[in-house]
Structures are given as structure tokens and as C-alpha cells.
Amino acid sequence: MAQLDRSKSITGAIGNIVFKKIGNKQILQSKPDSVKQTKSTKAAGSEFRQCSLWGQRLRHGLRSFLAGEEGGYMHSRLNGQLYAAIQMNTVLPKGERTPLNSDMSTLAGFEFNTHSPFMDYFALPIEAMLDEQRQVVVTVPEFDPRTALQFAQNTKQAELLIYVLATNFDNNTGFPDDYTLIPIPNNFAVVPQTLWTSKPIPEGYLLLVCAKLQFYNTTRFTEKHYVNSKECCPMRVVMVG
């Protein structure tokens, strides 16, 4: 129904014609056609919404690792990466695909903070694999901090955090995890090769192996004072299984 307002302009609708007032102008436009969703489009929309929920649960499991130092738009980038991986599953129909029945290996290399890409600060590859006992075996090659590492501004001390997280995206079952810290001495001595094995990972879980450089300063009287921030915190996904 259309009405005449106090300024003698018509607002509302008559049939398929809509009356609007924009500034001092009277605008008439036709009503948009209703969009009928097919089963396919409804399923795709459901998957996209579900990816947001999966991303939320995954971030919840990573909360202690991220420590609030992830870069801007990380949430939406992660959701988008999850959705893109799900779309590559052409075996199952839309609406039935999940991170647990799809190949999520494209998540490897995901940067949690694009302000400080991990490989810009740590030049060597970190290898990770899942053995027959479902334990993660991580190998960090020997390196010289003077050439392999870029320190954060105003600090020359760091440690490499390797974090393993498993999730089945069920909030009621918890998040099995494990980690190791590799100290990087401030005298720039060569760090020997590190070989680390995690606790076994349950069947039916999505596995993420992540790496993070933690920079810090110390004084004669204080312990570690970490300087990572949203502006500088190199951390990425190393392996997905």
C-alpha cells in the first residue's frame, strides 16, 4: 500500500511499483523478482554457513597457540580456506562434505598473521609426517640463527614453537594437542637438528601441525618478556592430516 507523507511524497507500493523518496526526488521502481533456491543452492549455502562454524571451533582449539596475535581478517581467511577445500571434494554431494571426509591439505602454508609471513622470518623448511602409530614426527634441520632467522625489531632472542592440534569439530570432546619449544640461544650458536615425536593422534580427527616464532627479551633481573604482537608474529600451518 502506498501513502502520501507530510511532504506530499508517495511512499510504499502499488502492485509491482515501489515508491521511494531519495533526497528531494521521487523514485519509482519495480519490485525485484523473488529468487527461488534450488536444492543445490540451499546445500551450498548450508555448507558455507557450516564452514563458519567449523572455522570458529578450529580457532577455539588454536586459541592458546594464537594468543590473540593473529593478523586482521584471519577469521574470514580461514573460513574461506576451509570452504575452498570442501569444494574440491567432488565425490560426495553438497551438504554431506565436511573437513573430516575431504582433503584439507591445502590448509598447509596458511599464514595466521599476514603482516609477518613465517618464511620471511624462518627460511628453512620444517618437515612433519604422521607415522603408523599416528604420532606426528617433526624434523627441524640444523640452522645458524644469523642466516636462517630474522629477529623481531629490538630483540635478539627467540624460540620456535611447534604445536600439534587435533579436532573432530565436536565441542564436547575437547582438542587433543601436544607441543615442543626449541630454544634459539642468544649467542648465535648453531642450533642442532631437532627430531620430535608427538603423542598419538586419535582416529577420525583433523590434524594440524603449526609453527610459531616467539621473540622475547630478558634482563639480569627479569624472565622472558615476549614482544610478539598483531604487527609481528610469524606463525603458519606446516602440515595437515
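I start with a definition: a residue is buried under 20% relative accessible area, exposed over 50%, and partly exposed in between (1.4 Å probe, protein chains only). With that in hand, I looked up Arg 97 and found it buried, with a relative accessible area of 5%.

A note on what I am reading. This is a predicted model, in which local features need pLDDT of at least 70, side-chain atom pairs count only at pLDDT 80 or more, and totals for chains, interfaces and linings use all residues. Residues are numbered from 1 along each chain as its sequence is written, and side-chain values use heavy atoms, with hydrogens and water left out.

**Entry 1: Arg 97**

Where does Arg 97 lie? I found Arg 97 in the loop between α3 and α4. Helices (H or I, at least four residues) and strands (E, at least two) are DSSP runs, numbered from the N terminus.

I then listed the contacts of Arg 97, where contact means heavy atoms within 4.5 Å. Leaving aside neighbours within four places in sequence, Arg 97 touches Glu 47, Trp 54, Ile 86, Gln 87, Asn 89, Leu 92 and Ser 102.

Next came polar contacts (pairs of N or O atoms within 3.5 Å; within protein, one must be able to donate a hydrogen and the other to accept it, and residues adjacent in sequence count only if both atoms are side-chain atoms). The side chain of Arg 97 makes one of 3.5 Å with the side chain of Gln 87. The C-alpha atoms of Arg 97 and Gln 87 are 8.3 Å apart, and the two residues are 10 residues apart along the chain.

**Entry 2: Salt bridges**

Side chains of opposite charge can pair when their charged atoms come close. I counted a salt bridge when a side-chain nitrogen of Lys or Arg is within 4 Å of a carboxyl oxygen of Asp or Glu. How many salt bridges does the structure hold? There are six.

One of them joins the side chains of Arg 97 and Glu 47, at 2.8 Å from N to O. This pair links distant parts of the chain, with Glu 47 in helix α1 (residues 39–61), 50 residues from Arg 97. Glu 47 counts as buried, at 2% relative accessibility.

Another is between Arg 236 and Glu 111, with the closest N and O atoms 3.2 Å apart. Here Arg 236 is in strand β12 (residues 235–240) and Glu 111 in the loop between α3 and α4, 125 residues apart. I noted Glu 111 as buried, with a relative accessible area of 13%.

I also looked up Arg 134 and Glu 203, which form a salt bridge with their closest N and O atoms 3.9 Å apart. Arg 134 lies in the loop between β5 (127–130) and β6 (135–140) and Glu 203 in the loop between β9 (194–200) and β10 (206–217), so this pair ties together parts 69 residues apart in sequence.

**Entry 3: A sheet**

Two strands pair if DSSP finds at least two bridges between them. I found an open sheet of three strands in the order β5-β6-β9, with antiparallel pairing. β5 and β9 stand at the edges with a single partner strand each, so one side of each has no neighbour in the sheet. β5 and β6 pair over four bridges, and Glu 127 has Thr 139 in β6 as its bridge partner.
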